[in-house]
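I keep these notes as I look things up, one entry at a time. The structure goes in here, and the entries follow.

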Amino acid sequence: MLKSKTFVKKTRSGKVMKIVREHYLRDDIWCGSEVCSECKQESGVLQKDACIESNLCSYPHYLIPDTNVVLHQIDVLEDPVIRNVIILQTVLQEVRHRSAPVYKRLKDMLHEKEKHFYTFTNEHHRETFIEREPGESANDRNDRAIRVAAKWYSQHLKTFASHEDGLKVVLLTNDQGNKQKAEESGLLVYKCEEYVKSLIANPELVDRLALSDDDKNEITSAKLLFPEHLPLSRIQAGIKSGCFLQGTFRASRDNYLEATVFVQGEGEDSTEVLIQGLQNLNRAVHQDVVAVQLLPRNEWVAPTSVVLQDEGIAKDDDDNEEEEEKLKVTAAEAARRSTGKIVGIIKRNWRPFCGMLNVSQIKESTRHLFTPADRRIPRIRIETRQASTLAGQRIIVAIDGWPKGSRYPNFLRNKQHFIKLFLPFSKEKETEEEVLLLEHDVPHQAFSQAVLSFLPKMPWAITPEDMVMREDLRQLTVCSVDPPGCTDIDDALHCRDLENGNLEVGVHIADVSHFIRPGNALDKEAASRGTTVYLCGKRIDMVPALLSSDLCSLRSNVERLAFSCIWEMNHDAEILKTRFTKSVINSKASLTYAEAQMRIDDTAKNDDITKSLRGLNKLAKILKQKRIEKGALTLSSIEVRFHMDSETHDPIDLQTKELMETNSMVEEFMLLANISVAQKIYDEFSECALLRKHPAPPPSNYDILLKAAKSKDVEIYTDSAKALADSLDVAKVDGFPYFNTLLRILATRCMMQAVYFCSGMDSDFHHYGLASPIYTHFTSPIRRYADIIVHRLLAVAIGADSTYPELMDKHKQSALCNNLNYRHKMAQYAQRASVAFHTQLFFKSRGILNEDGYILFVKKNAIIVLIPKFGLEGTVFFDTKDKTIPKLVFDEEGPTLNVEQHTFRIFDKVKVTIRLDDSNIQHQKIRMALINPVIPGVSVPVPDVEPQAKKQKLDH
Amino acid sequence: MAGLELLSDQGYRLDGRKATELRKVQARMGVFAQADGSAYLEQGNTKALAVVYGPHEMRGSRSRTLHDRAVINCQYSMATFSTAERKRRPHGDRKSTEMSLHLKQTFEAAVMTQLYPRSQIDIYVKILQSDGGNYSVCVNAATLAVIDAGIPMRDYVCACTVGFVDETPLADLCYAEESGGVSSLALALLPRGGQIALLQMDARLHQDHLETLIEAAMTACKGVSKVLDDVVRQHLQEVSMLTGE
C-alpha cells in the first residue's frame, strides 16, 4: 500500500518554534471518476456523463472550484443543478480555516449522494503534492497546488477519452492572476460568473451569484443618515461605568419611529427605555441586543398613540422630518418616560424574514424594497433581476447589512452571506404554512441523508441482542388509547390482578432512545428540533417518519421495544412498588378515546382488554381525586378541531374538542409515570436530571381574574394552588352556566410557562399546576426530545444502557433545556397561528356569520369577545378610523367601558357578526362587529347570513 | 481557528496515513562496540538509542540482589535537543522516573531473568528526537538492544500507542495526534503468545470502546514485531557474513 514516503518539514511560527511533521505521500488515492479504469476504486462518485447545459463547455466536465469560489459562491454550489464537482483537500482545509459555516455546508454536500461531489486528497497524492518554494506565500502555494491537481486530473482523464467529447475538468476561479497562470499551463479555466451565466438552461442560478467586491459599494450613498455605532470595546466600558444600558430592542408594531429597549436588571428590577425618532433608533432591528444611552431629563418624551406606517416609496431617502414632527406632541410631565438613544449594537439577531416585494417604479431597476410580514421589521432593500416574477409572491429575505448612509437595511448577497434567497411557493395554503413555520423558526426541512443514514435498516426485527437486558412482556394484555388518526403512538397501558390481591399497572413508552444513539446526526437533528409540531392537518416530525409512525409507534399486534414503568398498587391506588425496565411488548389493541369509553361502558363485554381498561379507569379516578385534593388545578382553554375536506384539505367544519373519561384516564397514568421517573432520576443523578417545573405565578398576575370575579360577586382565593382550585370549583352564578368555564379560561391566562431545567442548576422543582414536588417528561419520546434524555438517564439508572459525557454535564444539559424551552414555545405559537389561519380559511368559505359571545376583557377602546362555539377570540373596536368616535369612558377599576349610553362589563353576553377582512393580503384578519346590544353609531345592522350554497355540494 | 482534523472523512490522518497504518520503522543493531548490546530505532520522527550492559555482578547497593533471578535496571532520558523547544532535562524528574519504571516492568516480564540469579542487567534508553509514542519506541529499541546483547527473552516485546478518534482507533500516534486531545493507550505485547507485558492509559475512555482499542493496539504491535524480526535477521546475516561463518 505504502510505496513512497517523503519527509517534509513544515515550520509554523507563533512562538518561534520549529515543528517537524511527517508527510506521507501515497499512490493509492483514486480519482473518483466512473470512467477511470486505472484507479482501483470500488465505485466512482463522479458520473460518467457529467453533462450540464452550458454554452461555454458543451462537453461533459467536472468542476474544480478554488477556495474563494467555495467561500463566496456556496449558494451556487448548493444548487441541485451543480453536480460532479471535485473538492480538493487543499480547498477543503482552507475553507475549514476561514469559515466554519461554509465548511459545514460543504461537508453536507459532500455527504449527499445525488450531488456527486468528490474529495480528492491531493496533498497526500504522490503526483499532486507540491512543496512551497522559497519566497512563495502560502496562498500562492495553495493556488499552485490547485492548478497542479487540476492539471493532473485533466491528464489522468485524457487517457480514458475514447472520443473527442471526452471528459474534461474545468477550474473555477475568480482570481485574475490564478486564472492567467492556469491558462498558461493549458487548463480550462473560467470565472465563476462566466460559467454560471453560461448555464443557459438554468438562468435562476444567476441570482444566487454573490456580488463581487467591485460592484457592491455603489448602493451606499455618500450622505450619512445615521450616527456611527460605537465599537464593542467602548460599549463594554460604557456599560461597566453605567453610562450605557444593555437591553433587547423591541420595535413598536404601530409606529415605525418608536421602540422600547427592555433592560433586564437584577432580579425583578427591569426597566424599559423609550426610543423615538429615526436617528435615535439608529439602525437597530427588532430583537437586537443594543446599548442605549439615556437622554437628559428635559428631552424625555411620552409614548405617542399615533399609528405610523412607513409608506415611503423605494427611493425616498429624503428626510422624514415631517413625520417626526408629528411625534413631538407636548406631553404632560407625568407621562414622560425615560428616553434614550441607541449608541451601538451588541448582537444582531437577524433571521430570515418573510414578506412581499414592492416592485420599484423604475422599470429595469434591480433594486426594490421588501415589506416584511412582521410590521416590527423595517423594510429591506434587496437586489434581484427577477422582480417581475417575484411581485405578488411571498418571499424570504435576510438582512445582511445596514450601512450608516442607507435609509433601509440591505440584502445584497455579498460576501459571507449565505441565505437561501427565495422560496418557491405554489399554493396559497402551503405558502401560508411555510411562512408560519419560518416566522416561528420551526426547522421543517426534509431530513438530510446524514440523518437518515442512522435509521435502522429495513426490514427490521427484534434480534436476540436486543433482548439482552430486556424483559419479555409480550404476553401481557397491553393496549393503547389515543385520539383518532394518531400514528405516533408512544404510550400503552396494562392492568392486571396479582395473586396477592393487588393490582399491577404498567405504562409502556416507546423506546426511542434505543434507535437514537447519543451524538450521531440523527440525535443532533432531533435535539435541535426539540419537539414535533402539530399544525392543523400537518405534522412536522422531530424524528423521521420511519421511527415516529412505524418502528417506535406502539401499534397493535406487532412486537415493539418499550420502556416500561410498572407499579404494584392496592385497590386504593396506593403505590406499593415501582419498577422500571426495558421491555418488549405486543399491544393487543390501539383504541381511540371513544372506543375505549364504549368498551368500558358496555357491560356485555368482558374480554381481557376491557377488564384491563376498567381496572385502569377505576384507579385513574382515585388518582385524580387524590391529585385534586392536593391542589392540582384543572384549567380550561377551548381547543378546536377542524374537519378537513379530504381532497382540498380545506376546513369544512370546526368543533371544540370534547373530553371523555378515558382522556383523563390516560393522562392520569402518564402523570404518575412522569412523577415516578422524575423521582428516580433525581435520586440517581441529583446534579444532572432533566426535570420540568411550573413556577407559581406572582400575585399581580391574578389581578384580572380577581376583578372579573368580583364583578359577579364571586371571591377567588389565590394564596395557594389548593385555595385557587377550591374557589374555582365553587364559583358559580345562577343562570350563567358558562361562567365557571370563563373563569377557568381567565385563570389559565394568569399562569406562568412550565419549563425544562437541569436539577443541578436550580433549587425550585415545584410543579404548581400539577401540585407535584417534582415532575419531568417521560411519556412522549417520539415527539419531545426532553423525554429521550430522560429515557437515557433512566436507562443508565437501571443499568440498561451506558452513559456518555454530555449526559452528565449540567451546563450542556442546561443549554439543551434552553433550546427545548424555546422550541416548545415556538411550536405552541406556530400551533396557535395555524389554528388562527384555518379559522380564517373557514370563515372565508362561510362568508358572514352571526354568533353569540361573551366579553372576556374590556380595554380602553375595545372589548375582546370569546365565541365559545368556535373557541374564537376577537376584538371589537369602538374607534375605527373612518367612523366618528363615540364617547368612550373607561373605568380601570371595574373594569368597565361606557360607550355612549351602554356599559360593557366582563362576562357580558353580546352578539357579534364575524367576517374575514382580506383587504391586506399579508395580514388577513377576522373582524367582529357588534350587533347586540344595539348602540346607535356603533353597532351594525344584522347582516343577512349567506345561504350556504357550498354546503349542499358537500352533503351528497 | 478550528483545531486539527485528526481523521478526515476520506480516512486519512494528518500525515497521510490511514487509521491502522504505522509510521515507517527503521532500526540498526550493534551501534556501539563498548556496550554489550545496543540498538538505534526510528519510528517516524521519534528516534531512540538503547544500550544494554550485563548481565553482570550487582553494583552499588548489594542489598537489592535477588537470589533467584537478575535485577533489571532501566534508565530513561531525553536529549535536550529532542523536542521543538530546547530544554535541559535533569535526570530523575518525575516523568522519566515513571517511564524508567514502566520500562523495567515491561522487561521484567519479557527477559528470562531466572537464568541469571544474583546479577544485574542495565538498560539505558535515550530519546534523541521526540514525535510521539516515546514509550513504545523505547521498548522497541530496548528489545533490539537486549537481543543484541544475547540475553534470552521469552519473545520480542513490541509496543505501540493507539488513540481513539471518531469511533476509530488510530495506530501509532504522532505528537500532533497525541497532543490533539485523543485518549491514547500504550501497550507492550509479547506477540507470539499474545500476552500483554504492560498496558498504560491515563485518559478517559468509555469502557465499551476499550476492547476495540486493545484489539487495534495488539494488531499494531504484531506489525511492529514483524519489522523487528526482519531487522534482527538482517543483522544476523550481516554479522555472520563479517565473521565469515
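Which residues of the largest nonpolar core touch the most other members? I looked this up before anything else, bearing in mind that the model is predicted.

**Entry: the cores**

I found 88 residues in the largest nonpolar core. L547(A), W567(A), L613(A), M665(A), F669(A) and Y785(A) are the ones that touch the most other members. I then asked which element gives the most to this core, and it is helix α23 of chain A, residues 785-797, with ten residues.

I picked F669(A) to follow up. Setting aside neighbours within four places in sequence, I listed its contacts as L493(A), V505(A), V507(A), W567(A), M569(A), L616(A), L619(A), A620(A) and L623(A). W567(A), one of these contacts, is also on the list of residues that touch the most other core members.

There is also a second, separate core, and I noted 60 residues for it. Its members include A141(B), I151(B), A186(B) and L190(B).

**Entry: V397(A)**

Is V397(A) buried or exposed? I read a relative accessibility of 0%, so V397(A) counts as buried; the cut-off for buried is under 20%. I placed V397(A) in strand β18 of chain A, which covers residues 394-397.

**Entry: P169(B)**

I moved to chain B and found P169(B) in strand β7, residues 168-171. Leaving out residues up to four places away in sequence, P169(B) touches A19(B), G163(B), F164(B), T212(B), L213(B) and A216(B).

**Entry: where the chains meet**

How many residues of chain B are in contact with chain A? I wrote down 25 residues of chain B, in contact with 25 residues of chain A. The size of an interface is often given as the accessible area lost when the parts come together.

Twelve residue pairs are in polar contact across it, both residues being at pLDDT 80 or more. The side of chain B that touches chain A has seven nonpolar, six polar and twelve charged residues. I counted four salt bridges between the two chains. One salt bridge joins the side chains of K107(A) and E5(B), at 3.2 Å from N to O.

Key:
Residues numbered from 1 in each chain as written. Chains lettered and ligands numbered in written order. Predicted model: local features only at pLDDT ≥ 70, side-chain atom pairs only at ≥ 80, totals over all residues. Heavy atoms only, no water. Contact = heavy atoms within 4.5 Å. Polar contact = N/O pair within 3.5 Å; in protein donor to acceptor, adjacent residues only side chain to side chain. Nonpolar A, V, L, I, M, F, W, Y, C, P; charged D, E, K, R; others polar. Helix = DSSP H or I, 4+ residues; strand = E, 2+ residues; numbered from the N terminus. Buried < 20%, exposed > 50% of the residue type's maximum accessible area, 1.4 Å probe, protein only. Core = buried A, V, L, I, M, F, W, Y, C linked by side-chain atoms within 4.5 Å.
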